[in-house]
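Dear colleague,

Please find below the structure that I am handing over to you.

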Amino acid sequence: MDKMEAAKAYFASMPKVTRQNPFWEFDETSETIKNHQMDEPFSIERCERALSLVRDYFRNVFNSFGTEAQVLLLYPTDAEKLHGIPTLGETVFHGIPATIMVLPQWNTPGNSMISESMYHKWIREPQITPIARIHSHHRLDAYQSATDYNTLNSGTLELVLGHIQEKPFQVAYWLDTPGTETKQFVWQAQWDGSDYEIRRIASGSMD
């Protein structure tokens with residue numbers, strides 16, 4: 001074994017260190033996402049008000065430019081640390097006070113991207129953990145694409161709003177926990193007229 005292989009083996013053998021998410025945790029026994037603060041399973045019903053505000057913004061972006069878009073939900077004290085970033089206002093997301101922020105982004109009809117260097121400088125470097133990141137699929141189902149799996153590494157809850165022009169919510173969601181494979185567990189919630197039908201769907205790693 002040469003020095004390079006030895007170094008790779010050494011780092012591979014080191015235990016993975018994950019930073020505790022103050023909002024969410026993945027329960028391996030039940031394979032569910034839980035609200036860490038309230039010790040209860042994640043529920044789309046408890047996020048509807050926030051998701052309605054975000055969907056209105058996504059609709060405005062698409063109706064204006066024909067593109068996708070994304071937002072970041074931060075705890076209010078964390079949001080105050082980011083200067084010069086526009087917000088959509090304050091809301092409550094699953095019982096957690098949140099500020100909806102619109103980071104600088106490059107949007108196209110098929111994608112929404114933010115600068116990785118900007119995200120590192122403004123979010124990771126000051127060790128801010130977002131409550132959630134949400135992006136749109138204006139005419140498509142809500143799902144986790146291969147691009148989502150490989151590039152969306154927010155370190156927190158990721159959500160996709162599908163078919164944003166339609167009244168019923170269709171939402172896909174998963175928990176991104178660095179150093180783990182929790183993002184392989186993806187769920188889709190679809191309003192059936194009286195309640196949400198929730199099912200596990202394929203991860204983007206399977207595309």
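Of the chain's 207 residues, 46% are classed as buried. Please bear in mind that the model is predicted.

The chain holds five helices and 13 strands. Its radius of gyration is 18 Å, close to the 17 Å that the globule rule gives for 207 residues, so the chain is as compact as a globular protein of that length. The C-alpha trace spans about 60 × 40 × 35 Å along its principal axes. Among contacts in the chain with a separation of 6 or more, 57% come from residues 24 or more positions apart.

I turn now to strand 1, which comprises residues 24-27. In a regular strand, side chains alternate between the two faces of the sheet. In strand 1, Trp24 and Phe26 make up the covered face, whereas Glu25 and Asp27 make up the uncovered one.

What is the partner of strand 1? Strand 1 pairs with strand 2 (residues 32-35) in the antiparallel sense, over four bridges. Phe26, from the covered face of strand 1, stands opposite Ile33 in strand 2. The two strands form a hairpin with four residues between them. Within that turn, Glu31 has a positive phi of about 55°.

With kind regards

Key
Residues numbered from 1 in each chain as written. Predicted model: local features only at pLDDT ≥ 70, side-chain atom pairs only at ≥ 80, totals over all residues. Heavy atoms only, no water. Buried < 20%, exposed > 50% of the residue type's maximum accessible area, 1.4 Å probe, protein only. Pairing = 2+ DSSP bridges. Rg over C-alpha atoms; globule rule 2.2 N^0.38 Å. Contact = heavy atoms within 4.5 Å.
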